[in-house]
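Here are my notes on the model, point by point. Please read them with the structure open.

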Amino acid sequence: MPIYEVQTSPPEGLRSKGPCCPIEVSLPQTLVTLLSQQGQQIPPPVSGQALIDTGASVSAIDLSVISRLQLNPIGVVSVGTAGGPTRRNLYPARFMLSRLVIDLEAVIGADLGPFDIIALIGRDILSRFIM
């Protein structure tokens, strides 16, 4: 398995916000190819911080990122939250963490703005690594 080094939160940030790392979210390559073939403009990637969340079974992106990337939902899923089950839209996305690029078939759209992050890295990604 390849080894990837990703800079995470310093100790004081780890205590206050949890394990965060820089991330760039963009359209997955299949969607970029399709839009290019249709002569459509490709939205630029969105950069920010991602929270590593071992409690999330599926990764998520902030609603503002979805809007900036002009993503359309590809499905709906029921998600268990602290407030009870809720239904959320699913979107295709590409996560870039340092030199690691991961195209995801589906991530959850969520309001992550209050947490000052643009993405959650869930177990769908974490399960690919040895930590």
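1. Start with strand β1, residues 20–26. Five of its seven residues are buried, so the strand is mostly covered; buried means under 20% relative accessible area, exposed over 50%, and partly exposed in between, with a 1.4 Å probe and protein chains only. Strands here are DSSP runs of E with at least two residues, helices are runs of H or I with at least four, and both are numbered from the N terminus.

2. A word on the basis. This is a predicted model, in which local features need pLDDT of at least 70 and side-chain atom pairs count only at pLDDT 80 or more, while totals for chains, interfaces and linings use all residues. Residues are numbered from 1 along each chain as its sequence is written, and side-chain values use heavy atoms, with hydrogens and water left out.

3. Which strands pair with β1? β2 does, in the antiparallel sense, over six bridges. Strand β5 (residues 84–97) also pairs with β1 in the antiparallel sense, over three bridges. Pairing requires at least two DSSP bridges between the strands. Glu24 shows both sides: its bridge partner in β2 is Ser47, and in β5 it stands opposite Met96.

4. Now the wider layout. The chain has four helices and seven strands. From the N terminus, the order is α-β-α-β-β-α-β-β-β-β-α. Of its 131 residues, 40% count as buried. Take the contacts with a separation of 6 or more: 64% of them join residues 24 or more positions apart. Contact means heavy atoms within 4.5 Å.

5. Look at Val46, in strand β2. It counts as buried because its relative accessibility is 2%. Val46 and Ile23 are 23 residues apart along the chain, yet their C-alpha atoms are separated by 8.3 Å. Beyond four places in sequence, Val46 touches Ile23, Glu24, Val25, Val65, Arg68, Leu69 and Ile118.

6. The largest nonpolar core has 27 residues. Such a core is a set of buried Ala, Val, Leu, Ile, Met, Phe, Trp, Tyr and Cys residues joined through side-chain atoms within 4.5 Å. Ile23, Val25, Ile61, Phe95, Ala119 and Ile121 touch the most other members. At least two core residues come from each of β1, α2 (29–37), β2, α3 (63–69), β5, β6 (100–110), β7 (119–121) and α4 (123–126). A separate core of ten residues includes Leu51, Leu90, Ala110 and Ile117.

7. Ser59 deserves a look. It sits in the loop between β2 (46–52) and β3 (60–62). Is Ser59 buried or exposed? Its relative accessible area is 0%, so Ser59 is buried. Its side chain reaches the backbone nitrogen of Gly122 at 2.9 Å. Beyond four places in sequence, the contacts of Ser59 include Phe95, Val107, Leu120 and Ile121.

8. Last, the largest pocket. Its volume is about 510 Å³. Of the 23 lining residues, Asp53, Ala56, Ala110, Leu112 and Leu120 are the closest to its centre. β4 (75–81) and β6 are the elements that give two or more residues to the lining. β4 gives the most, with five. A pocket is an open set of points on a 1 Å grid over the protein atoms alone, where a 1.4 Å probe fits, with protein on both sides within 12 Å along at least five of seven lines; lining residues have an atom within 4 Å of a point. The volume is the space filled by probe spheres set on the points, which are joined across faces, edges and corners.

Key:
A polar contact is a pair of N or O atoms within 3.5 Å; within protein, one must be able to donate a hydrogen and the other to accept it, and residues adjacent in sequence count only if both atoms are side-chain atoms.
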